[in-house]
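Please follow the explanation below with the model in view. The text starts with strand pairing and then turns to aromatic contacts.

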Amino acid sequence: MGPLSIFETLLIDNRFTFTRKAFMHHPIRIGNLSITFLKSRHETSGKLDLFELTVPPQAHLNVAHLHRDYDETIIGIDGITTWTLDGKRHQVGPGQQLHIPRGVSHGYANLHHSTARMMCILTPGLMGPEYFRDLAAAANTEGPVNIAGIAAVMARYGVIPASA
């Protein structure tokens with residue numbers, strides 16, 4: 001048996017104690033959220049994007065959305081996040097999984113007093129860190145929120161606001 005890939009290790013080790021620093025990209029900050037890629041579409045030949053999402057207490061995703069061309073699986077590491085899928089709430093805590101099929105409207109919030117961390121797996125891998133870098137550039141600006149810039153980034157990567 002050969003060495004395990006990072007994806008296989010993630011699913012096998014319930015404590016998430018794999019050596020991840022060798023695979024990590026630089027964190028991307030979007031407001032108070034942090035996204036750190038472990039494997040991108042570039043490293044997996046488009047099979048998946050794998051990243052850690054860190055959500056501080058009382059933070060939430062501002063725009064509920066759906067993915068046109070890929071599924072998302074969330075695996076809780078620390079803390080608890082509350083996800084809303086097509087109007088139904090689901091809590092994801094350490095070791096718990098939530099599958100979000102493409103086309104399903106979703107959003108999340110950390111309604112608790114501790115930081116939440118989770119692994120996010122997008123299949124197939126179509127976005128890469130480019131989406132989050134582009135989104136950060138549009139969102140992390142001085143002055144009023146650049147709604148048009150954020151909407152353009154989302155559209156370019158097949159992320160559709162739920163109200164659309």
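Which residue in strand 10 is the bridge partner of D78? The partner is R117. This is a predicted model, in which local features need pLDDT of at least 70 and side-chain atom pairs count only at pLDDT 80 or more, while totals for chains, interfaces and linings use all residues. Residues are numbered from 1 along each chain as its sequence is written, and side-chain values use heavy atoms, with hydrogens and water left out.

Strands here are DSSP runs of E with at least two residues, helices are runs of H or I with at least four residues, and both are numbered from the N terminus. Two strands pair if DSSP finds at least two bridges between them.

How many of the eight residues of strand 5 are buried? Buried means under 20% relative accessible area, exposed means over 50%, and partly exposed lies in between (1.4 Å probe, protein chains only). Seven of the eight residues, in a strand that spans 71-78, are buried, so strand 5 is largely enclosed by the rest of the structure.

The aromatic side chains come next. Rings of Phe, Tyr and Trp (its six-membered ring) pair if their centres lie within 6.5 Å; planes under 30 degrees apart count as stacked, over 60 as edge-to-face and the rest as tilted. The structure holds six such aromatic pairs. In one of them, the ring centres of Y131 and F132 are 5.0 Å apart and the planes meet at 75°, so this pair is edge-to-face. Y131 has a relative accessibility of 6% and therefore counts as buried; F132, at 10%, is buried as well.

Y131 also forms an edge-to-face pair with Y157, at 5.2 Å centre to centre and 70° between the planes. Y131 lies in helix 2 (residues 128-139), whereas Y157 lies in the loop between helix 3 (147-156) and strand 11 (159-161), so the pair ties together parts that are 26 residues apart in sequence. Y157 is buried, as is Y131. Together with F37, F51 and F132, these two tyrosines form one aromatic cluster.

Helix 2 also holds R133. With a relative accessible area of 44%, R133 is partly exposed. Its C-alpha is 9.8 Å from that of P27, although R133 and P27 are 106 residues apart in sequence.
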